[in-house]
Amino acid sequence: MKELKGRTAVVTGAGSGLGRAMALAFAREGMDIAAADVDVESLKKVAVEIQELGVRCTSMKVDVSREAEVQALARSVDNPYLVCNNAGVSPLGAVWENSIGDWQWILGVNLWGVIHGVRAFAPRLIAQNAGHIVNTASVAGLISPPGSGAYNVTKHAVVALSESLHHDLKERNSQVGVSVLCPAYVPTGISDSERNRPKDLAGSVKSKETLARETILKKAVASGRLSADDIASAVVAAVKEDRFYILTHPRIKGAIRARMDDILEERTPRNPLAL
């Protein structure tokens, strides 16, 4: 079991949703928090909530798609122990419909944000031979639902990056742990992530199919049975237990198993939403 009290956790995307819940959950464990987000006003509110729990909180506006900003975050944190690369966005659409702006935005936040976070913090954790990295992926990193190809691409990449990071660390006998978080539908603000889209990365003209899927997704997210706090509690437990895969929705395992079976049997992939 890892001792968390008195140590420092870094959380990106901490202004809302899973990031906010994780920051508060680790604060309840007695950890000081370094919170980062592009939404400054939300970040300020979260910082107050964290400080009310009796721990220290520093906050910084950070666009995780920008290496310089993530490196600045890393320089601002003394003795980081836990790093949660969590910031994420989710523009929908068929893969041929997504604009270049869509692809640049989602790759920048969901994938490059994790890459930047690992590059900025992993060497420091390795040097102290202690700590833990949590990368937020999704069940969309283990299956490939239709209508969210760009999102799937980033989340599959985060799973692969996390697995490779784990192997690289173990090959060098490092005590730094890694977890990859793969939740399904959770009531968070990610379905409204367009609010934080950079103005220079224009979105696509949405087809009627994509608009219909957005409506369905928002309903599914809003009706998720597990809350962001539930997911955060699962992350705390996984870090303490040094557990790699964090699969918070057991019912999705059937779709994951079906995908693996299709690969091993060399079958045409089945639609995971139809299983």
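Does V55 count as buried or exposed, and at what relative accessibility? In this predicted model, V55 counts as buried because its relative accessibility is 11%, with the cut-off for buried set at under 20%.

## Around V55

V55 sits in the loop that links α2 (40-51) to β3 (57-61). Setting aside neighbours within four places in sequence, V55 makes contact with A27, G30, M31, D32 and I50. Take D32: it's 23 residues from V55 along the chain, yet the two C-alphas are 5.3 Å apart in space.

In general, nonpolar side chains in soluble globular proteins tend to be buried together. Here the largest nonpolar core has 42 residues, and L73, F121 and V180 touch the most other members. Elements giving two or more residues to this core are β2 (32-37), α3 (67-76), α4, α5, β6 and α8 (253-264). The largest share comes from α4, with 11 residues.

## Helix α5

Now for α5, which runs over residues 149-171. Its 23 residues reach 33 Å from first C-alpha to last, close to the 33 Å expected at 1.5 Å a residue. Just after α5 comes N173, with a positive phi of about 60 degrees.

Buried residues in α5 include G149, Y151, V158, V159, L165 and L169. The helix's buried residues pack against α4 (100-128), β5 (132-136) and β6 (177-181).

Conventions
Residues are numbered from 1 along each chain as its sequence is written. This is a predicted model: local features need pLDDT of at least 70, side-chain atom pairs count only at pLDDT 80 or more; totals for chains, interfaces and linings use all residues. Side-chain values use heavy atoms; hydrogens and water are left out. Helices (H or I, at least four residues) and strands (E, at least two) are DSSP runs, numbered from the N terminus. The expected span of a helix is 1.5 Å times one less than its number of residues. Buried means under 20% relative accessible area, exposed over 50%, partly exposed in between (1.4 Å probe, protein chains only). Contact means heavy atoms within 4.5 Å. A nonpolar core is a set of buried Ala, Val, Leu, Ile, Met, Phe, Trp, Tyr and Cys residues joined through side-chain atoms within 4.5 Å.
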